[in-house]
Amino acid sequence: MNPGTKRGLWREIGLQLPFLLWLIVLWMLLWGQFTVPSAVTGIAVALFVTRVFRLPTIELSGRINLWWAALLVVQFLAAVVHGSLSVAAQVLNPRRAPRSAIIAVPLRYADDLVMTHVAVTSSLIPGSLVVEADRDTRTLYLHVIGVRSLEDVEHQRAGVLRWERRIVRALGTPAQAARLRADERAEGERLAGAIAGSSPTSRRPKGSGPSRGSGSSQGSEEGRR
């Protein structure tokens, strides 16, 4: 085996190792057992899945922002609690039967890895479940409950896009993070311009005379003279 082949083999192992470890942990979580036998069977299942059902290799971004990653975990746990309470309230409400809908959410910054993270996060939060993912258009289709109007649909869609932005900040590539920051700066400038343009002082033309009320008061004063 020549040196180039060896480097390629070690590179593939390095790329696949995090996914193997994740599959092993997922296997133990499914069985609810963190024991040596479950770890051994998890290794066997992970090797079988990755060798038999081979998929294109997904390269990790190589970037983890610890602050945003910790904030992502806290926000996710809070969303799980809030989603559980919201679903329970809708199910136990005798006056209103919970309505559901399937919505499409085109992602803006996602590659295969970020798209997977967004799909898993959205599915783990009670009240929403990813039923299909279109890899070509980077679109997730979610079944959500508690939808009664178009405003509710947009609220759910905006929620998924917020998770995408959070995941990009924590785990996205440098290019994805830079694009997100640029879009956020542009959005902030647009909102600042809209607020400045809608203020009363900015709408008054330059060199305008006194108001109608002041003119009438001057006229009445001259009349009295």
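Buried means under 20% relative accessible area, exposed over 50%, and partly exposed in between (1.4 Å probe, protein chains only). The model is predicted, with local features needing pLDDT of at least 70, side-chain atom pairs counting only at pLDDT 80 or more, and totals for chains, interfaces and linings using all residues. Residues are numbered from 1 along each chain as its sequence is written, and side-chain values use heavy atoms, without hydrogens and water.

**View 1. Helix α2, residues 36-52.** Helices (H or I, at least four residues) and strands (E, at least two) are DSSP runs, numbered from the N terminus. S38, G42, A46 and T50 of α2 are buried. These buried residues fall within an arc of 90 degrees seen down the axis of α2, so they line one face of the helix; the arc is taken from the directions from the helix axis to the C-beta atoms. V36, P37 and V40, on the other side of α2, are exposed.

**View 2. The hairpin of β2 and β3.** Strands β2 (residues 128-134) and β3 (residues 139-145) pair in the antiparallel sense over six bridges; pairing requires at least two DSSP bridges between two strands. A133 stands opposite L140, and V130 has L142 as its bridge partner. Four residues lie between the strands, and R138 takes a positive phi near 55 degrees.

**View 3. The open sheet of three strands.** The strand order is β1-β3-β2, with antiparallel pairing. Strands β1 (100-106) and β2 are the edge strands, each pairing on one side only.

Methods
The expected span of a helix is 1.5 Å times one less than its number of residues.
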